[in-house]
Amino acid sequence: MNHPFKNRSLLDKVPKDKVKDVDELFEWMKQQPRFPAYTKDHAYLFLHACLWVVEDAKRALQKYCQIRASSNELFDNRDPQDKGIQSVFDITHMASIPIKTREGYKVLYYRLSDTDPAKVHFGNAVKAFCMFNDVQISEDGVVEGYMVVFDMKGLKLGHLTKIQLGPLRSFMQYIQEAHPVRLKKIYVIHAASFINQIMGIIKPLIKSELLSLLHFTPKGPADIFPLSLLPEDYGGPLNTLDKYHRDQRRLIESEYREWLVDTAHLKEKPKEKKSTSSSDNNNKVNNMRQPPVKAFRALEID
């Protein structure tokens, strides 16, 4: 199956002055012994997300590969028909609206449709969120950027008790260092009175680049976007979030079911075990004399 774009390639969209960079990155990808069979479309997607800086794209790909291997709770067994994932779809609205901003950015809305904390499984919620976003990238292709809206209406203190630090930590690392999109703004609307408690949990995991994109407001999206970008729920002319969510859920469950299950292979391969010999020991000594590899930096967030 094709990844990251289902049943298509977008290489004909690569700007002419960037073709050489895409080729260079793809050749490097093929030489990485623990990488899966990433495509040249991956090279294009990551280069675009990293503002065409080849070295940053390499670091982001490495993190993408590593995090997907180490965070099994988020990136394995990604069947949208799984009961745990279905329960998330039942109590949330995850929706992309069809209209872009004047800058060409896509707008994504996320909120609870059922506010009972007892129905929330945090790990499944994060997993479903990542699945939705993978499908969104496939559907959208390479876009100028994303503006994200989290609606806190109906969120209760009881929801905070559902947070699991393992999945949260993995997700925050992935979204900041490996998610191949240009993130422009994150709006938290109808911000609850206990927002400080929430930030106390997640702020240690947020880098300054992402923190600068966060905007909180006790009001709704009408104070952020023009009327043309508002669903009916918020007084706009677009369809309801429930309608968009149901349509996109149907797409995920039918057309993308096998594709999502197949994404489980897009991860770092295990290290090969080598038998120890005298020549191996000599190589280890020689390798110890080599300069250390420069640490990976985070994915660029524009």
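Just after helix α2, L51 takes a positive phi of about 60°; helices and strands here are DSSP runs, numbered from the N terminus, with helices being H or I of at least four residues and strands being E of at least two. The model is a predicted one, in which local features need pLDDT of at least 70 and side-chain atom pairs count only at pLDDT 80 or more, whereas totals for chains, interfaces and linings use all residues. Residues are numbered from 1 along each chain as its sequence is written, and side-chain values use heavy atoms, with hydrogens and water left out.

Helix α2 itself spans residues 40-49 and is mostly covered, nine of its ten residues being buried, where buried means under 20% relative accessible area, exposed means over 50%, and partly exposed lies in between (1.4 Å probe, protein chains only). The buried residues of α2 are D41, H42, A43, Y44, L45, F46, L47, H48 and A49, and what covers them includes α1 (19-30), α3 (54-70) and α6 (122-140). K58 has its place in α3, and this lysine counts as buried because its relative accessibility is 15%. With neighbours within four places in sequence left aside, K58 is in contact with L25 and W28, contact meaning heavy atoms within 4.5 Å.

**Strand β3 and its partners**

Strand β3 (residues 145-151) is mostly covered as well, with six of its seven residues buried. Strand β2 (residues 105-112) pairs with β3 in the parallel sense over seven bridges, two strands being paired if DSSP finds at least two bridges between them. The chain crosses from β2 through α6 to β3 in a right-handed β-α-β crossover, a term that applies if, with the strands pointing away from the viewer, the path from the first strand over the helix to the second runs clockwise. On the other pairing, six bridges join β3 to strand β4 (residues 183-189), and these strands run parallel.

Y146 counts as buried because its relative accessibility is 5%. Not counting residues up to four places away in sequence, Y146 touches K106, L108, Q136, I137, D140, V181, R182, L183, K184 and K185. Of these, R182 is 36 residues from Y146 in sequence, yet the two lie 6.3 Å apart in space, C-alpha to C-alpha.

**Cavities**

A search of the whole structure finds three cavities of 30 Å³ or more. A cavity is a set of points, on a 1 Å grid over the protein atoms alone, where a 1.4 Å probe fits but cannot get out, and its lining residues have an atom within 4 Å of a point. Grid points are joined across faces, edges and corners, and a volume is the space filled by probe spheres set on the points.

| Cavity | Volume | Lining by class |
|---|---|---|
| Largest cavity | about 1300 Å³ | 37 nonpolar, seven polar, four charged residues |
| Second largest cavity | about 90 Å³ | seven nonpolar, three polar, two charged residues |

In these classes Ala, Val, Leu, Ile, Met, Phe, Trp, Tyr, Cys and Pro count as nonpolar, Asp, Glu, Lys and Arg as charged, and the others, Gly among them, as polar. The largest cavity has a volume of about 1300 Å³, and of the 48 residues that line this cavity, Y110, F122, F129, F150 and F171 are the closest to its centre. Helix α6 gives the most to that lining, with seven residues. The lining of the second largest cavity includes H42, L45, Y64, R68, D134 and I137, and the elements that give two or more residues to it are α2, α3 and α6.

Methods
On a 1 Å grid over the protein atoms alone, a cavity is a set of points where a 1.4 Å probe fits but cannot get out, and a pocket is an open set with protein on both sides within 12 Å along at least five of seven lines; lining residues have an atom within 4 Å of a point.
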